[in-house]
Amino acid sequence: MVKPWFQGKVDFAPVVRDLSAEGYALLGGRLDHVAEGHAVAIVYKVREHVVSLFVWRAANSRDEPLALSSARGFSVASWSEAGLRFAAVFRCGSAEIERFARLVQAQR
């Protein structure tokens, strides 16, 4: 139900993964802005935490490998592939955000 909602609202097909078998319940999605452009945010819940996966058009078509960082108490996993840029943001440790990002990538 989430992916069809985005049709006509953004000029790309966002990646919406069913990760419920891995413990990430899909809560929904919303439109957002990242880097002064349109983005989608796909929201998941794991245990009592929320993880937001932002997806937007990449500035170039070059794929970039997964990179982990942290900012203001949040762990961030970012990468790009197939002309899209991804950033997962989660208030948890780097191992958990990396696991989430790898699951999203594996289902591509």
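User: What is the order of the six strands in the open sheet?

Analyst: This is a predicted model, in which local features need pLDDT of at least 70 and side-chain atom pairs count only at pLDDT 80 or more, while totals for chains, interfaces and linings use all residues. Residues are numbered from 1 along each chain as its sequence is written, and side-chain values use heavy atoms, without hydrogens and water. Strands (E, at least two residues) and helices (H or I, at least four) are DSSP runs numbered from the N terminus. Two strands pair if DSSP finds at least two bridges between them. Here the order is E1-E2-E3-E6-E5-E4, and the pairing is antiparallel. Strand E1 (25-34) and strand E4 (64-71) are the edge strands, each pairing on one side only.

User: Which pattern does the chain follow along the sequence?

Analyst: The pattern is α-β-β-β-β-β-β-α, with two helices and six strands in the chain.

User: How many bridges join strand E2 to strand E3?

Analyst: Eight bridges join E2 (residues 37-46) to E3 (residues 49-57), and the two strands run antiparallel. Within E3, Phe54 stands opposite Ala41.

User: Where does helix H2 lie?

Analyst: Two terms are needed: contact means heavy atoms within 4.5 Å, and axes are lines fitted to C-alpha atoms (for helices over the stretch in contact), with angles from 0 to 180 degrees between N-to-C directions. Helix H2 (residues 94-106) lies across E2, E3, E4, strand E5 (74-81) and strand E6 (84-90), and runs at about 25° to E5.

User: Which residues have the most contacts inside the largest nonpolar core?

Analyst: In soluble globular proteins, nonpolar side chains tend to be buried together. A nonpolar core is a set of buried Ala, Val, Leu, Ile, Met, Phe, Trp, Tyr and Cys residues joined through side-chain atoms within 4.5 Å. Buried means under 20% relative accessible area, exposed over 50%, and partly exposed in between (1.4 Å probe, protein chains only). The largest core has 25 residues, and those with the most contacts inside it are Tyr24, Leu53, Val55, Trp79 and Phe100. Elements E2, E3, E5, E6 and H2 each give two or more residues to this core, and H2 provides the largest share, five residues. Apart from this core lies another, of five residues, among them Ala39, Ala41, Phe54 and Ala87.

User: Which residues does Leu53 touch?

Analyst: Not counting residues up to four places away in sequence, Leu53 touches Val40, Ala41, Ile42, Trp79, Phe86, Ala87, Ala88, Phe100 and Val104.
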